[in-house]
Amino acid sequence: MAWSAEQYVKFEDERTRPARDLLAQVPLAEASDAYDLGCGPGNSTELLVERFGASHVTGLDSDENMLTAARQRLGGTQFRKADLANWLPDAPADLLYANAVFQWVPNHIDVLAQLMDHLKPGGVLAVQMPDNLTEPSHTLMEETGLAGPWAAAFEGGKVRRSPLPAPQRYFDALMPKAARVDLWHTVYYHPLADAEAIVEWVKATGLRPYLDAAGAENAQAFIADYTARIAKAYPAMADGRVLLRFPRLFLVAVKA
């Protein structure tokens with residue numbers, strides 16, 4: 001699945017807000033080795049650089065398009081290609097920071113538990129993940145997937161991303177390695193111009209696997225069907241805009 005940095009940054013301010021909120025809860029004044037896991041186009045990495053300095057921050061991503069955009073944005077920062085399903089730092093780190101990436105990693109609780117072993121004592125694992133699969137923005141992807149000539153590609157939930165595990169599972173996996181684990185949800189409400197703006201938002205992330213499965217020849221029809229459903233699910237407010245509800249899960253674990 002290919003990602004698009006250009007599409008992603010269309011809503012950069014809204015996407016960076018949870019990254020900023022996550023970093024605000026990281027109890028580190030300094031970090032000599034901070035990693036931005038799944039750095040994307042570098043908007044979250046920029047926050048780490050502002051706080052810890054470019055020489056102490058490394059951005060990681062599996063997508064070349066995202067890495068190119070990040071390098072152009074932050075020329076003095078190191079970026080590397082990596083698969084987070086099996087990546088580990090070369091030496092114990094002060095901060096492993098991940099904004100909106102581990103929801104894509106299979107068995108990510110096991111991965112997070114392993115990453116805890118590669119923190120310095122007092123080091124921090126900080127993670128934010130969308131928890132919005134029950135929102136209309138995502139349930140309607142499923143409806144559209146099963147409603148057209150592309151339906152065979154979506155039968156049996158072939159494309160659907162797995163929901164996040166129950167909060168207790170994160171505590172059970174991380175507490176034996178941690179001095180403290182904080183876990184919380186924040187629900188963001190984003191006023192957007194119209195239904196088409198919601199579609200543009202998810203085209204950079206959640207909708208991409210659906211468009212890939214439907215095939216390039218069906219992309220226009222798939223988007224048209226999905227947009228019509230979104231317009232019904234998100235009625236206009238008094239000022240004409242629509243309100244996108246977006247729950248996110250946050251986790252900050254401090255190594256014992």
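Is Trp 150 buried or exposed in this predicted model? At 7% relative accessibility, Trp 150 counts as buried, where buried means under 20% relative accessible area, exposed over 50% and partly exposed in between (1.4 Å probe, protein chains only). The model is predicted, and local features need pLDDT of at least 70, side-chain atom pairs count only at pLDDT 80 or more, and totals for chains, interfaces and linings use all residues. Residues are numbered from 1 along each chain as its sequence is written, and side-chain values use heavy atoms, with hydrogens and water left out.

**View 1. The whole chain, with 10 helices and seven strands.** Helices (H or I, at least four residues) and strands (E, at least two) are DSSP runs, numbered from the N terminus. The radius of gyration, taken over C-alpha atoms, is 19 Å, close to the 18 Å that the globule rule gives for 256 residues, so the protein is as compact as a globular protein of that length; the globule rule is 2.2 Å times the number of residues to the power 0.38. The C-alpha trace spans about 55 × 40 × 35 Å along its principal axes, and 52% of the 256 residues count as buried. Of the contacts (heavy atoms within 4.5 Å) between residues at least 6 apart in sequence, 77% join residues at least 24 apart.

**View 2. The aromatic pair of Trp 150 and Phe 222.** Rings of Phe, Tyr and Trp (its six-membered ring) pair if their centres lie within 6.5 Å, and planes under 30 degrees apart count as stacked, over 60 as edge-to-face and the rest as tilted. By this rule the count comes to six aromatic pairs. The pair of Trp 150 and Phe 222 is tilted, with 5.2 Å centre to centre and 55 degrees between the planes. Trp 150 lies in the loop between α6 (136–145) and α7 (167–174), and Phe 222 in helix α10 (residues 219–233), so the pair ties together parts that are 72 residues apart in sequence. Phe 222 is buried, with a relative accessible area of 0%, and Trp 150, Phe 154, Tyr 210 and Phe 222 form one aromatic cluster.

**View 3. Arginines over rings, and the surroundings of Asn 132.** A charge sits over a ring if NZ of Lys or CZ of Arg is within 6 Å of the ring centre and within 35 degrees of the ring normal. The charged end of Arg 161 sits over the ring of Trp 104, 5.0 Å from its centre, while Arg 248 lies over the face of Phe 246 at 3.9 Å from the ring centre. Asn 132, in the loop between β5 (119–130) and α6, is buried with a relative accessible area of 3%; not counting residues up to four places away in sequence, Asn 132 touches His 138, Arg 161, Phe 246 and Pro 247.
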